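My notes are below the display.

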Amino acid sequence: MSFRDLSVYQIYPKSFRDSTGSGVGDLRGVIEKVDYIASLGVGMVWFNPFFVSPQVDNGYDVADYYAIDPAMGTMDDFTELVAALKQRGIGVMLDMVLNHTSTQHVWFQRALAGDPAYQDFYYLRAGRDERLPNNWTSKFGGPAWSPFGDTGLYYLHLFAPEQADLNWHNPAVRREMAAVVDFWRRLGVTGFRFDVINLIGKPFDLPSAPAGVDDRAMYTDGDLVVPFLKELQAASYGLDADAVTVGEMSSTTLERCIEYSRADGGPLSMVFNFHHLKVDYAGGQKWTKAPFDFAALKGLLMGWAEGMAAGNGWNALFWNNHDQPRAVDRFGDAAGHREASATMLATVIHLLRGTPYVYMGEEIGMTDPAYTSIDDYVDVEARNAYDALLAAGHDAADAFAIVHAKARDNARTPMQWTPGPNAGFTTGTPWLAPTNQDTINVAAEEHGGVILPYYRRLIALRKELPVIAEGDVQAYAHDHDRVLGYTRSLGENRLLVLANFYGEDATLDLPPEFASARVLIGNHPDPRISEGRITLRPYEAQSLLLTDGSKEI
Ligand code: GLC
């Protein structure tokens, strides 16, 4: 499968559709909705992990890579789901959490029981005189080390203490991981999303970060990531010439991402990076509240688009996922201009060079939930952050406001199918409550809504127009203080995309050759173009197409 004209839909199974009334989404719930998924026009669905897990980190703490969490279904359900999607021309992408396992995994349990072979699956280290083995911190707060039973040793966990980092230096670990990927490949899985995969190449001696150096620099993007991935590729997903792979790259660089995804020999089809989603972090810290920095956003989005094109790498394009608050709340005006904001943001991503990912609910303009108490949140990261903010001296209202804006649960609320109690997600009590399903839901979007049809059109256009799928990319009007712009070009075909990120009009000059171009797609039916200039209304996006005349669409 070529991934250049592909769009991917992301499903968080726990929150998509519950077929049993348990309050937790499941695979049969997804089967009920395959026609809806097919109606979007996407070529692949990425499922967040549904493997057996104690759910400390919602499935990213895998206890058995070969079995489905009974709360979410059975292997038969999975086979049926793969077949139902395949019948509609849609591939399945699974989430492979290969950097760490749950501490409930049998490997960790055997290690705890004293089996040296399994102790070598993890990073076990002695403390340094009364201190931890090194100064690394967990991404979920606190130190990255916890005591390993009563051995006096510690084990490394870059995430929760229940997520033990795997020692990829051990060839047995690498063989096990290839076997996991190969198992799912043989069941018809054609896509793999590799969780925090640029953390697998840690230096074996796990050095402390020197004073003034961020500890992430010590273990991210290590030189071993590419060789480890190439080995995995040769033994598993590489056996299918058309497998689609995407690596989640934590705190990465453009140079590394080109290496990971370059068309001539990179081990992955494409990469996620998160730099453009950190432009509303004050002082680089997530648990803060700040308006987004538009110039930085443009610099990052366009710098990565152009840079990856120059290096022959490939970006996964996205505004939303299960770890991010809803983009409409962050970069748009969810209260005053929700539809325009949602469609403007979609235009920017879907016409750019790369592969767009749509996170469930994004296509109907879902927003962050209107929670009022910390008790409404479930996520370990949000709850830890709230406590840490209080401990750092924030008052309760302030700490809550920050969590409200930044929590991952913002994205994890149930898919809103219908108005009314529980949003058509479950007949039971949802594990995380929806709040605004009476105004935002699929049923309303299907009958006269504007966001869902707009997404469908954007996804279709990528398949129809090679300039979108294949064209080169260049920033346009890069210094404009309200508009993000770029051009795409392939031979004689050129596309100009303009998006106003603000609640006021924005005027700019068109490139002269586009003065007579026709509108390809825009979120207002009546673009205001005159005398070589265009004026975009609040959150308006427009795209203009120049063709060589050989292909009319
Ligand atoms: C990734 C996942 C996130 C998870 C973390 C640890 O960032 O997207 O949800 O908590 O890895 O596995």
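**Entry 1, the model.** I note that this is a predicted model.

I listed 14 residues around the ligand. Those that come nearest are Asp 57, Asp 195, Glu 248, His 322 and Asp 323.

I looked up distances from oxygen atoms of the ligand to side chains. For Asp 195, an N or O atom of the side chain is 2.7 Å from a ligand oxygen. For Arg 408, a polar side-chain atom lies 2.9 Å from a ligand oxygen. For Arg 193, the distance from a side-chain N or O atom to a ligand oxygen is 3.1 Å. On its own the ligand has 310 Å² of accessible area, and the protein covers 95% of that.

I found 38 aromatic pairs in the structure. I picked one, Trp 46 with Phe 272: the ring centres are 5.5 Å apart and the planes are at 40°, so the pair counts as tilted. Trp 46 is in strand β2 (residues 44-47) and Phe 272 is in strand β13 (residues 270-272). The two are 226 residues apart, so this pair links distant parts of the chain.

Notes:
Residues numbered from 1 in each chain as written. Predicted model: local features only at pLDDT ≥ 70, side-chain atom pairs only at ≥ 80, totals over all residues. Heavy atoms only, no water. Near = heavy atom within 4 Å. Polar contact = N/O pair within 3.5 Å; in protein donor to acceptor, adjacent residues only side chain to side chain. Areas by Shrake-Rupley, 256 points an atom, 1.4 Å probe, with all protein chains shown as cover. Phe/Tyr/Trp six-rings, centres within 6.5 Å; stacked < 30°, edge-to-face > 60°. Helix = DSSP H or I, 4+ residues; strand = E, 2+ residues; numbered from the N terminus.
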